[in-house]
Every structure is written in C-alpha cells, then in structure tokens.
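Here is a protein model to look through together. Keep the sequence and the 3D view open while you read.

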Amino acid sequence: MQAVKITEHGGTDVIEYGEYPDPEVGRDEVLVDVKAGALNHLDVWVRRGLPTLSLEMPHVPGSDAAGIVEDVGPDVSRFEPGDRVALTAGVNCGDCEFCRHGDPTLCVNFHLIGEHVTGVHSEYAAVPEDNLIPVPERVDWITAGSSTLVFQTAWRMLIDRADLEAGESVLVLGASGGVGHAAVQIADYAGAEVYATGSTEEKLEHAREYGADHAVNYEQRDFAEWVREKTGKRGVDVVVDYVGAGTWRDSIKSLAKNGRLVTCGGTAGGNPKTDIPRIFWNQLNIIGSTMGTPGQVDDVMELVWDGTFEPATREVLPMSETARAHEIVEGRDGFGKVVVRPDSEY
Ligand SMILES: [Zn+2]
C-alpha cells in the first residue's frame, strides 16, 4: 500500500509518500480503508523530533482518520466490514491505578496512535477496536476524519477540566487553530461569553461566525489589556491557551480572581515565562488537559455528527502533498483543519 512516512526527524523534506508494507490485523484490531485524515500540530512535533520520543524509522504519522472497515480480527465485536468509522488516537493500558479508577487519559502508559506508534495517514491502517467510533451515514469523510482529536481535546478542557458554567466568560487564544475553533464553539454551546484572538480580520470574522461574542487582532492590540477593558477590569473566568511561549503571561493577566487557565499544549514553545505573584495573589488555577475519555469522545462527537459543531477545513490535499500540509500548519494561515486523503481517494 501507499503511506505517508518520515525517514528521519527534520524539516518537511523528510516526508515521503510511497510503498509501505500492508498492515497485519491483530486479534483485537480493525483494518480500515482510510478515506481522509487531518493533520494536527502534533504531526509537526513528531516530524521535528522530541527529546522523549524514540521512533522506529520509517514512521507513518497521522492521529486523525476516518474510513470504511475492510476486515476485523477474531476478537473484535463492535464492528464488521462495511462499517463507517473514525479514529480516536489515545491508547491506554487498562491496568494502572488511573485506568482502574476510570480515567484512561491519566494512564501512566498513555500514548497516541501516530505519535508513539504507527499512525493512520496511509491507504489502510490496522488499529485497536477500542480506538474506533462509528460514523453516521450522513457525515462526510472530511468532517469524520478531521474532528475527533481537536473536539475531544477542547471538550475535556472546557467542560470537564475547567468545569465551565453558563454565564461565565472564556478567552480562547488562536481561535483559528484546530483546538481553538473547537473551543470557541464549545464555549458558546455551554452558554459562556466568548472572547477570541486571531491575527487577521478574516480569522476574527470566522471566530465570530463560530460563536465568539468579542474578537481582537492580537498583532494590533495587547489582548490582556483588551480583555481587562472589555470586562471592566475584572478579567475572564477561563482562558484556553495552547500557544504557550509569547502568550502565557498575558493569559495569566487576562484572568479574573480565582480564574482558570487551561492548556493542552504549547505550539509556540513549552517553557514560557510565568508570573507567580499574580498566580498566588489572584488565586489562579493552572489546569492541564490531554485528549478525552471514551465517554467524553461520545458526548462531543454526537454534537459534531448532528451538526451542532462544525469542524472548519482550510485545505484538503492528496497525501503525496503532506509536506505542503505541514507548511500550512506551521505557517498558521487560514482557519481550521488541514486534511489529507490517499492519492487514490483524492
Ligand atoms: Zn493505564
């Protein structure tokens, strides 16, 4: 089969599309005929290489995909050939204290398909049954293949970890990114007053269409000052910051007393300067979040499948142009997800 593969860590020139051995289907695995799959910022980190990541090369990336079940292993009970499915990339052990207490995202062996093990940006992918959810007939492949990672991440961040309530105020940084545009929609759905940042008037307009009540161009205005002005110096109850470097201190500055800063990553850098005096004096809460539980995935994807939430697509490309897809993700142009399809499906 044909697959996207990286031969070593580095720039976009390490990405290839070509022959790769057909996947073997394990006892509890499902073989999926892949129709479409989105990139995530994670794919950029995996390509560049992380100190904690040791991969066998060539590595097939990709943590989002949807397609049709082609074959199932003997222990699979939930799916049969012909079923429409989407991947949810988190893998847990089932045995550790956190798994046994019912939260697999806290698993001490937690890892992601596409990051730590073979991903799904290929014509076929064999994945554990537990990592698939059914996709209704009415949902198109681009939507199905581009929404599970960012929507479960944003859902857990806001609804579970930040415990967002109707009437509260939320600031979403980078409202045009994958997690950002999901967070704007979820915060609006939860009944919050939504503040959003973006770098162009077009992105701000999109953010407003998706539910932002207020939007600001952070390249023209200090967003923390803007938030304090808009809220009568109070600040917001919750900030969603997955940017990290360059925004962290202003995120802290944007919070009301006892406010919550929730993060699922640092796309611009993971070790920003912080502001301890403001954290303790204002009694702020810094909250981490990763992926979502199976129940959280079901809850949020139901709302994607029924059209309540709409994943935005900035570009759809053949898998042979994955290098360009990385450039678009890294360049932060446009709004929403960059999706690739096997060249045979494009
Ligand atoms: Zn575990």
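Let's start with Cys-96, which is buried because its relative accessible area is 10%, where buried means under 20%, exposed over 50% and partly exposed in between, using a 1.4 Å probe and protein chains only. Cys-93 counts as partly exposed, at 31% relative accessibility. How many disulfides turn up in the whole structure? The search finds 0 disulfides, a disulfide being a pair of cysteine sulfur atoms within 2.5 Å.

A word on ground rules: this is a predicted model, so local features need pLDDT of at least 70 and side-chain atom pairs count only at pLDDT 80 or more, while totals for chains, interfaces and linings use all residues. Residues are numbered from 1 along each chain as its sequence is written, and side-chain values use heavy atoms, with hydrogens and water left out.

Now hop over to Ile-15, which sits in strand 2 (residues 15–19). Strands (E, at least two residues) and helices (H or I, at least four) are DSSP runs numbered from the N terminus. Ile-15 counts as buried, at 13% relative accessibility. Leaving aside residues up to four places away in sequence, Ile-15 touches Val-4, Lys-5, Ile-6, Arg-47, Thr-322, Ala-323 and His-326, where contact means heavy atoms within 4.5 Å.

Ile-15 and Pro-58 are 43 residues apart in sequence, and their C-alpha atoms are 9.7 Å apart in space. Pro-58 lies in the loop between helix 1 and strand 4, and a cis peptide bond with omega of about -5 degrees joins Met-57 and Pro-58. Why point that out? Most residues other than glycine have a negative phi, and most peptide bonds are trans.

Next, Asp-33 in strand 3. Is Asp-33 buried or exposed? Asp-33 is buried, with a relative accessible area of 14%. Its contacts, not counting residues up to four places away in sequence, include Ala-66, Gly-67 and Glu-345.

Grid points are joined across faces, edges and corners, and a volume is the space filled by probe spheres set on the points.

There is 1 cavity of 30 Å³ or more, and the largest cavity holds about 40 Å³. Strand 5 gives the largest share of its lining, 3 residues. That lining has 11 nonpolar residues, 1 polar and no charged. Here Ala, Val, Leu, Ile, Met, Phe, Trp, Tyr, Cys and Pro count as nonpolar, Asp, Glu, Lys and Arg as charged, and the others, Gly among them, as polar.

The largest pocket holds about 1,200 Å³. Of its 49 lining residues, His-41, Trp-45, Tyr-242, Gly-265 and Thr-267 lie nearest its centre. The pocket lining has 21 nonpolar, 23 polar and 5 charged residues.

Key:
On a 1 Å grid over the protein atoms alone, a cavity is a set of points where a 1.4 Å probe fits but cannot get out, and a pocket is an open set with protein on both sides within 12 Å along at least five of seven lines; lining residues have an atom within 4 Å of a point.
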